[in-house]
Amino acid sequence: MIRDEANLAWALALAAKPHLDALERNYTFVTIGAGETFAAIHTLLKWVAIKRIPVEPDLVRQCISWLDAYVGHRDERYLRRLIEDFVFPIAIHRPATLTGNRLSTAPQRTHPAALTRV
């Protein structure tokens, strides 16, 4: 469990890193490094929700599974609401990554339509 929790904390930190300022990144890395993974995940989930940071749906599922181990914890309901109401919808509506050529393959006009004679 501890190893899985640390892996989850690092995965969330890496997903959120581009959206965090220097102080937030430092807090995150120091907290994880100190072994306070619950505190790091708690804070990262809050930042993901507040800043609408996109995360992969698989990572959200890992968060839900992780939280199942904390049923009855004083923060469990708050974290579950964050995940279900904010984090998961962001993951679902995340724009798909384009892998093809985004340039148009339609024939290009050499003259503006208004100047072309019929």
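**Overview. The elements of the protein run α-α-α-α-α from the N terminus on.** This is a predicted model, and its secondary structure comes to five helices and zero strands. Of the 118 residues of the protein, 33% count as buried. The protein exposes about 8,300 Å², and carbon and sulfur atoms supply 56% of that area. If we take the contacts between residues at least 6 apart in sequence, 66% of them join residues at least 24 apart.

**View 1. The largest nonpolar core of the model has 27 residues.** Leu12, Leu45 and Trp66 are the residues with the most contacts inside this core. Two or more core residues come from each of α1 (2–16), α3 (37–51), α4 (57–68) and α5 (76–92). Which helix gives the most to this core? That is α3, with eight residues.

**View 2. Val48 sits in helix α3 and is buried.** The relative accessible area of Val48 is 0%, and a residue counts as buried under 20%. With neighbours up to four places away in sequence left aside, Val48 is in contact with Ile53, Val55, Val87 and Ile90. How far apart in space are Val48 and His19, C-alpha to C-alpha? The distance is 8.8 Å, while in sequence Val48 and His19 are 29 residues apart.

**View 3. Tyr27 and Trp47 form an edge-to-face pair.** The structure holds five aromatic pairs, and this view shows one of them. The ring centres of Tyr27 and Trp47 are 6.1 Å apart, with 75° between the planes. Tyr27 lies in helix α2 (residues 22–33) and Trp47 in helix α3, so the pair ties together parts that are 20 residues apart in sequence.

**View 4. The rings of Trp66 and Tyr70 form a tilted pair.** Trp66 is buried, with a relative accessible area of 6%. Tyr70 counts as buried too, at 19% relative accessibility, since the cut-off is 20%. Ring pairs also bring in Phe38, and together Phe38, Trp66 and Tyr70 are linked into a cluster.

**View 5. The buried residues of α4 are Leu59, Val60, Cys63, Trp66 and Leu67.** Where do these residues lie around the axis of α4? They cover an arc of only 120°, which puts them on the same side of α4. The length of this helix can be checked as well: at 1.5 Å a residue, the 12 residues of α4 should span 16 Å, and the end C-alpha atoms are 17 Å apart, which agrees.

**View 6. The buried residues of α2 are Glu24, Thr28, Thr31 and Ile32.** They cover an arc of only 95° around the axis, and this puts them on the same side of α2. Which exposed residues are on the face of α2 turned away from its buried side? That face carries Leu23, Val30 and Gly33. As for length, the 12 residues of α2 should span 16 Å at 1.5 Å a residue; the end C-alpha atoms are 16 Å apart, which agrees.

**View 7. Arg80 lies in helix α5 and is buried.** The relative accessible area of Arg80 is 18%, and under 20% counts as buried. Not counting residues up to four places away in sequence, Arg80 touches Ile64, Leu67, Asp68 and Val71.

**View 8. Arg52 is found in the loop between α3 and α4.** Is Arg52 buried or exposed? Arg52 is exposed, with a relative accessible area of 58%. The backbone deserves a look here: phi of Arg52 is near 55°, a positive value in a residue other than glycine.

Definitions and conventions: Residues numbered from 1 in each chain as written. Predicted model: local features only at pLDDT ≥ 70, side-chain atom pairs only at ≥ 80, totals over all residues. Heavy atoms only, no water. Core = buried A, V, L, I, M, F, W, Y, C linked by side-chain atoms within 4.5 Å. Buried < 20%, exposed > 50% of the residue type's maximum accessible area, 1.4 Å probe, protein only. Helix = DSSP H or I, 4+ residues; strand = E, 2+ residues; numbered from the N terminus. Phe/Tyr/Trp six-rings, centres within 6.5 Å; stacked < 30°, edge-to-face > 60°. Contact = heavy atoms within 4.5 Å. Expected span 1.5 Å × (residues − 1). Arc of directions from axis to C-beta. Areas by Shrake-Rupley, 256 points an atom, 1.4 Å probe, with all protein chains shown as cover.
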